[in-house]
Amino acid sequence: MHHNIFDVTIVGAGISGSFLAKELCEAGLSVLLLEAGKNFNRHNYPKKEIDANSQLYWGGGIELNTTADIGILRPKVVGGGSVVNQALLDKFDDVALDSWRNKSKIDWFGRDSMDPWYEKALSEVHVEEIPVEFRNGNADIFIKGFEANGFKCAPLKRAQKNCAYEKGSDCIECLSGCIRDSKQSMGVTVLPIALKSGLALISEFEAEAIEKVSGLIRVHGTDKYGDKRIFRSKRLVLAAGAIGNSILLLKSKFTNPNIGKGFYTHPQFMSLGLYDKEIHSEKGPFQAMKSDDPDFRVRSFKLENVFGPPVAIGMLLPGIASRHLSYMKKITQMACVEVAIRDQNPGTISLSRSGKLKIVKTLDERDQTTFNNGLSAIHDIFNSTGVREIVDGNFKIGLHLMGGLAIGKESNSSVVSENFNLHEDEHIFAADSSIFPDAPGINPSLTIMALAKKASLSIKESLK
Amino acid sequence: MISKYFGHLQNRGLNKLGDVIIPGEGIFPSFSSTGFSSHVDRMLDYMYDDDREGLTLLMTVFAFMPSFVIRWIVLLSEKNAAFPDVIGAPLRMIQLGLKGLILTLYYSNIDDPQKTGMKIMEGIKWQTGVAPLEGDSKRVERTSKTTSWKNPDSNQITNVFDRSRTAEREISLMTVSQRLKYVTALKKLILDEKEMIVDKIQMDTGKGRSDALFSEIFGILDHLTFLEKEACKALKDESIKTPIALMGKKSKIFYESLGTILVISPWNYPFYQAIVPITVSFVTGNATVYKPSEFTPLEGLVEDLLFRAGFKEDWVQIVYGDGKTGAGLIEQRPDKIFFTGSVATGKKIMAKASEQLIPVELELGGKDPLIIFEDANLERAAAGALWGSLTNTGQSCTSVERIYVQETIYDEFKKILVEKAKTIKQEIDKDGDADIGSMTTDSQVAIVKDHLDDALKKNATLLTGNHWDGKSRVIPPLVFENINSDMNICTEETFGPILPLYKFIDEQDAINMANDSDFGLSASVWTADKSRAIRVTRKIKTGNVSVNNVMLTEGNPYLPFGGVKNSGIGRYKGVHGLHSFCNMKSVLIDGNSGKIEANWFPYTKRKYELFSGMTEGLFGGGIMNFIKFLIYGLKLESYSDKVGKKGRV
């Protein structure tokens, strides 16, 4: 492997990297896929929360912004977000795509020209709605609360298959990887095809710097044993996400001042409603419904019914000792709704003087208002369904990590061109969530898949 | 379990903090009483260095801080929202760090022997699961955190070695003293659990409790102590002499790991033969794939102990299965095979290993002689012969199976021996109050019966044990005389409680008879004459000799162990044994000078003459030749450098 010069090296085996690996390998290119996380399969996913948090995310579970009020969950595993997420797939609407077209000046950001790519992406995964009969008590409260308040909601579309709810499967277990291979994560969809077509996959390799020497790109990094390694290729694809891509370029002294700017996270906030009866939010498909309300969309937030495993819920609850325990004892009597906002105030990813990751991300007044609106909608839902007590979570989390390498026609306001290569270097590409010009307010997974499909054309073209 | 980052102090701080957050209430135990603080590396291993160092410092401070102050800090951190970011942000970090640490350990449903993790989950009524995939029930289930496999198929065997290849890197990156931490933990655990272990050994083997305690538990603890004391010294880089012709250079030996060692063990000492090779392999930096005998798998025991001693899951993998499984494991090309067992199986393993040139170490059977001279203390010699023949019911590779007695004392010795043999207490006891237990396998019982019948048919005399029915695993001591070399009992390994007596005339006769065997594992010589003892010891073709004692070389973990002839290949135990699990890497270090060496090109007539002169000087001997060596050597050096740089002229 060290003797080879690959056609393409991809840094990051998340959704974008895995989709691109498949496309490029199937085109007969030699492709090396590098991933900092481990390569688990359904037999060895870390199932205990202590191990799952430690082994599936950067920083041993969580990273923080400078004000420590947003916990950033950044997957670090072969398959990336597709292993640890809830596999929600949605196409972007006019609101999101029009905004991108205006910002980027790229005219193919529109529903008509994106739709074929969405369809191509959907052909790789199996998508279904949670069957009505398996919705749990938390979903019921969500639906009843929406009805009572005149809000509109809809079932979630999830990339999953054969979950065996009738046999008592609880999806919450799959937050650390699905032991049935029901969740359509990369390891059960596109990656096996890529591997069959000759993909070289190296996990537990952390890329640290890239450089270009005599027309070839070198990726420097450290393998799982702490040994330094260098890989050479003709093209490079950055698929390490908003944070990974930004810091890799910054560490490699790329100079475009827009790198790391425009960072969005759809900040989320979970609110718990304590009821007198058993809700069992943890049972069955713990996430089944979303808001589908035009007014919410205009006001830039969405709601979903959701839950977390005991440590996660424990962290959201206030107090210590008996106060803490009094809540934990009632964990199965809790309903939970989260608000995620379409954040407007961009954050910044940078390196501190000592070379450490620094994330500045705050909510401005506008975002805060959005937030409060979402929260009050949640309170309305709980209050109209007989809640005894509402406990708002302790902190916000950021799961949709977007931006940092914004796509755009103009190199003075963006990092990546409409052909997906860096303005600075025509041989280095990116198509993942890092190129998002702003926060769409919609789950990004499907769009990342679609963009990867589209970007593969440009990469293949550049190698002709 | 061992933390790489937290010492006693930090652990105390962690538990104090834990009890502030979870002081315990009703069915919920206090944090410190769960013992979960010992699992903290499952988090610390994956944190950023800064975060881990911050927490370590904080825990150190907490160790000295009164609990009410810790409580105040935690409560203050809960109120972070009331402060501007300059104070709020650090308070949030503290809140997240401290609560995160404790709640993660407390609510992760950690597997522990007391099932505390599970009880906490029950306390909060948390019960989730995923229906297994159709067909998954046939999947190999791990019995504990140390990986074990039952009759794996070929895909699973490949998986075993994939895991091992990763594990071997992890282990090789640890220092010897880091590895010894786990050995020490294992030693303590074996000491604490010795009665449970003896139960388990007895269940699988049917041996007496005292046999299990003396030969297995004590032997292991002694061996582990040896590792603790000697492994660091034995495995550190060794400086080696560099001859004068290579002046200015340095020579060293690095003792490095080989990779993955396949250990295949027999059923006679199932626990000892598991722990000793596994720990030698581990301490020398190797991953281990261990296959116990299918007759005495001690199922679940070794993996449980290793797990509890903190061994990570794939450092040692245990594979249960028969010979077919063993063959599958060899096909994966382990870096070395360490086999203890029969000659027949040893030959098969070596043949299989030869296909891929895998180094083998074979500890095979024996037909060990015990030689008693007329000046020996007969009472002691008889007691020794009895123990050497009967310990573990004769199922030891170094069991005494030929007793040579000088003719002058033969009758007297025979009388003592037969009397003693009749007093042997035999049962599968519960309290250690029995000398020997039963045989372990029916197939071995059949061999003993076969040897007995063959001997009696050929006119041997049986002096004790006539009451044995030829079927029961409880075989009594069988003392024979009138044995000759036509009988299987004289030439083949019996592996049972037999004491065949032979008469010899003099020293040379004893040596000839002792050496008239295909085996050469160990021997013992009994005499008051020390110089005769050493003479005989030198002349016996064998791997180990005890003088005026029996089976005792194994009793000293500093001595290497192994046989000659059909008894095996290689040595293990002692410092030599540690080295035999190593890649002994020879290293020669020269300076980064610009010099061109004399033995490099170009070769010229002039160089030939100078080299010839230097060679004569170096090896000729005497002071004049030494001076010649120096003169020619210096000339050669400067000429070689010149001609090397400027080329042939």
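A:I10 stands opposite A:L33, a residue of strand 2 of chain A. The model is predicted.

Strand 1 of chain A

- Strand 1 covers residues 5-11 of chain A, and because 5 of these 7 residues are buried, the strand is largely enclosed by the rest of the structure.
- Strand 2 (residues 31-34) of chain A is joined to strand 1 of chain A by 4 bridges, and the two run parallel.
- From strand 1 of chain A the chain passes through helix 1 (residues 15-26) of chain A to reach strand 2 of chain A, a β-α-β crossover that is right-handed.
- Strand 1 of chain A also pairs with strand 11 (residues 228-238) of chain A, through 6 bridges and in a parallel arrangement.
- Within that pairing, A:F6 has A:S233 of strand 11 of chain A as its bridge partner.

Contact between the chains

- Chain A gives 42 residues to the contact and chain B gives 38 residues.
- On the side of chain B that touches chain A, the elements giving two or more residues are helix 1 (8-21), helix 3 (41-44), helix 5 (67-78), helix 6 (85-106) and helix 8 (154-173) of chain B.
- Helix 6 of chain B supplies the largest share of that side, 9 residues.
- By residue class, the side of chain B that touches chain A holds 21 nonpolar, 10 charged and 7 polar residues.

Conventions
Residues numbered from 1 in each chain as written. Chains lettered and ligands numbered in written order. Predicted model: local features only at pLDDT ≥ 70, side-chain atom pairs only at ≥ 80, totals over all residues. Contact = placed C-beta atoms within 7 Å. Nonpolar A, V, L, I, M, F, W, Y, C, P; charged D, E, K, R; others polar. Buried ≥ 20, exposed ≤ 12 C-beta atoms within 10 Å, placed from the backbone. Pairing = 2+ DSSP bridges. Right-handed = clockwise from strand over helix to strand, strands pointing away.
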